[in-house]
Amino acid sequence: MPSEKMLTVKDAILEALFEEMARDDRVCIIGEDVGVAGGVFGQTKGLFEKFGEARVVDTPISEPAIFGMTVGAAMAGLRPVVEVMFGDFITLVMDQLVNQAAKIHYMSAGGYTVPLVLRTAVGVGGNLGPQHSQSFHAWVAHVPGLKVVMPQSPADAKGLMKAAIRDNNPVVFIEDRTTYNVKGPIPDGDVIVPLGKANVVREGRDVTIVAVSRMVQIATKAADILAGEGIAVEIVDPRCIVPLDRETILASVRKTSRALVLDAGHLDYGITGEIAAIISEQAFDYLDAPVARLAAPNVLIPCNTALEPLIVPNEQQIAQKIREMLNA
Amino acid sequence: MPEIVSREARLSLLERMLLMRRFEEAVIHAAAKHKYIGRNHLYIGHEGTGAAVMAQLKPGDLAHTTHRNHGHIVGRGADPGRALAEIMGREGGLCGGRGGTWHMTDTSVGFQSTSAMVGGSIGLATGGGFACKQLGQGNVSVALFGDGVLDEGISYEAFNFASQYSLPILFMCENNEKPGRRETSMLAADRLLDIPKALKIHTMTVDGGDVEAVHAAVGEALARIRKDQVPVFIESQIEAWPGSHQHKPEFTTGETDISMAWDTGKITGPHADWIRQEPILRYVRKLLAEKAAAQADIEALDKKVQAKMAKARDFAEASPFPQAEGAILGAFA
């Protein structure tokens, strides 16, 4: 067996950036501390040295103008990757993201496109508190005209970033910091993971878990626990929440007849409700139990590592929920 | 300062201003005839600024503007029939009727965006400047905006970034605040110019009612921007059109009668002061006084523009509304 390279999620995305910048001069990196410092998490390390200050641009702490600038640059022929340091700061670029980036293609009847990637890091953990732990993926997914990517494995993260850079739409690329150091094999070569194509991470006959990003990894732990009890869990990772691969989700639910939808974001008005509704509307006749959901409660995320575990559903809660679904 | 000397160039500038004016008059007519749901951001009175800028942009240069954009887009060379059709929501419009008065674009003339979000043009145009520099074709980006934009934080941020990274951008502020009326911008600074100046951007101020003065200032600015790859900020001081705050477009100051330039006795009514100094009549008077044109030349030019607008109007009115099913298409490329 050929020895595949092992990389962390963080380094896999960085490798995608190196490869795409080498392949296409129009790709540039823009953001706070992305250049000389190499990113606050080391996520852009080495790009500045290789590609120079014209293409790896350190910006002032001016999110609205910097993101607006990125939109204008994308319209004018560049393919920028702009970094919003923490997912929470996406609130600062919302006007430019929602009222400009998402609407330019439609308003110009296809005359202009906005090929940019907004990458941002989210995640509960590490004592970062209510202003640095939120994930607004449901907010951005609610806006027509934006694609939303949420990778979990190193290979997916790399292949999806390459696809996002080559896409002609604004793509919000949401990385969970708690997955950054997860290691996994990276296939050789220029491998693209298409946007909008789900991955069946684990096959099973008894219940389907639908999860993205970090929740896939927690779901896998729950599936391991349940395997010991003779319960076979199937895990579907949509990888993108816009566009959402409904067919793969529905095909899995039609097979297992039970669905649990997970999210590290808030439960109320979040993506679990959307996905559960799709399953209920389109696979109702196949269901042996109501579609179940587990997500973060609608509370603030405390700045306290002792309290953080209350926020994101853990493998024990997931396993217990599935036992209840099967015994219902 | 680069001055306009040739008679052709001067008449061409006047023609551009007249097209902007007659276009807006067609919009008012269309609103009066219920051909479209009227809105009130007309470019009347601003022609001296828009014509001077658009006359000097080159192919490949990029323009981003605001809600008050009709004059900019036809001044840049977009087809007036397709622009009018767009405002009227017709299929034959520049954006298939999807952009409307607030969001017209025209890729064929580098007309990147018209944003109804105050401050929208300034961030996007900064990106245009960044791309122009990166792509190295010698093009420049222009942001057109009103004085109210200086109240938005994004303008400060964009000036700062453009200055630090030496981006080729013309920040063209059309200041139409009227002394005595409530000002659009509410800055603690004494002058609009103080803001970009503090961020080391070269600034100029010019009488927006004097098209040749604006032309000279813009010419100097563009030369500097192209040569040194730096941003320049120009404040063009404009006497606001008295009709600009109506809910529905109306002929507040009457349909433009070009002969008022020489037959000043015709100028009467509550808005006589505005009419006397409005940029088109003012420029005609100057051209006549300097013997660059005769009355007959001016009338012939106006007739030519009116004939062009009549054709544009026919095209727009004949264009069908888009099929409703089309509304769901095109969110993604």
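Q: What share of the 333 residues in chain B is buried?
A: This is a predicted model: local features need pLDDT of at least 70, side-chain atom pairs count only at pLDDT 80 or more, and totals for chains, interfaces and linings use all residues. Residues are numbered from 1 along each chain as its sequence is written, while chains are lettered from A and ligands numbered from 1 in the order in which they are written. A residue is buried if 20 or more other C-beta atoms (placed from the backbone) lie within 10 Å of its own, exposed if 12 or fewer, and partly exposed in between. Of the 333 residues in chain B, the buried share is 52%.

Q: How many helices and strands does chain B have?
A: Helices (H or I, at least four residues) and strands (E, at least two) are DSSP runs, numbered from the N terminus. Chain B has 11 helices and 6 strands.

Q: What is the radius of gyration of chain B?
A: The radius is taken over C-alpha atoms, and the globule rule is 2.2 Å times the number of residues to the power 0.38. For 333 residues, a compact globule would come near 20 Å. The value for chain B agrees with that: 19 Å.

Q: Is Met260(B) buried or exposed?
A: Met260(B) sits in the loop between strand E6 (232-237) and helix H9 (272-277) of chain B. Around Met260(B), 21 other C-beta atoms lie within 10 Å. That count makes Met260(B) buried.

Q: Which residues is Met260(B) in contact with, leaving aside neighbours within four places in sequence?
A: Two residues are in contact if their C-beta atoms, placed from the backbone, lie within 7 Å. For Met260(B), with those neighbours left aside, the partners are Lys266(B), Ile267(B), Ile275(B) and Leu281(B).

Q: Is Lys200(B) buried or exposed?
A: Lys200(B) lies in the loop between helix H7 (194-198) and strand E5 (202-207) of chain B. Its phi is positive, about 65°, although Lys200(B) is not a glycine. With 12 other C-beta atoms within 10 Å, Lys200(B) is exposed.

Q: What is the phi of Lys291(B)?
A: Most residues other than glycine have a negative phi. Lys291(B) is in the loop between helix H10 (279-289) and helix H11 (295-318) of chain B. It has 8 C-beta neighbours inside 10 Å, so Lys291(B) counts as exposed. Lys291(B) is not a glycine, yet its phi is positive, about 55°.

Q: Which element gives the most residues to the side of chain B that touches chain A?
A: The contact takes 35 residues from chain B and 36 residues from chain A. Strand E1 (62-65), strand E2 (111-114), helix H5 (120-135) and helix H6 (153-164) of chain B each supply at least two residues of chain B's side. With 12 residues, the one that gives the most is H5(B).

Q: How do the residues of the side of chain B that touches chain A divide?
A: Ala, Val, Leu, Ile, Met, Phe, Trp, Tyr, Cys and Pro count as nonpolar, Asp, Glu, Lys and Arg as charged, and the others, Gly among them, as polar. On that basis, the side of chain B that touches chain A divides into 15 nonpolar, 18 polar and 2 charged.

Q: Which residues touch the most other members of the largest nonpolar core?
A: A nonpolar core is a set of buried Ala, Val, Leu, Ile, Met, Phe, Trp, Tyr and Cys residues joined through C-beta atoms within 7 Å. The largest such core holds 202 residues. The members that touch the most others are Val148(A), Ala219(A), Val142(B) and Leu170(B).

Q: How far apart are the C-alpha centres of domain 1 and domain 2 of chain A?
A: Domain bounds come from an automatic or database domain assignment. For chain A, that assignment gives domain 1 (5-186) and domain 2 (199-327). Contacts join 26 residues of domain 1 to 26 residues of domain 2. Their C-alpha centres are separated by 26 Å.

Q: How far apart are the end C-alpha atoms of helix H3 (residues 63-75) of chain A?
A: H3(A) is mostly covered, with 13 of its 13 residues buried. The expected span is 1.5 Å times one less than the number of residues. For the 13 residues of H3(A), that gives 18 Å. The ends agree, with their C-alpha atoms apart by 18 Å.

Q: What is the omega of the bond that joins Val242(A) and Pro243(A)?
A: Pro243(A) is in the loop between strand E12 (240-242) and helix H9 (246-256) of chain A. The peptide bond from Val242(A) to Pro243(A) is cis, with omega about -10°.
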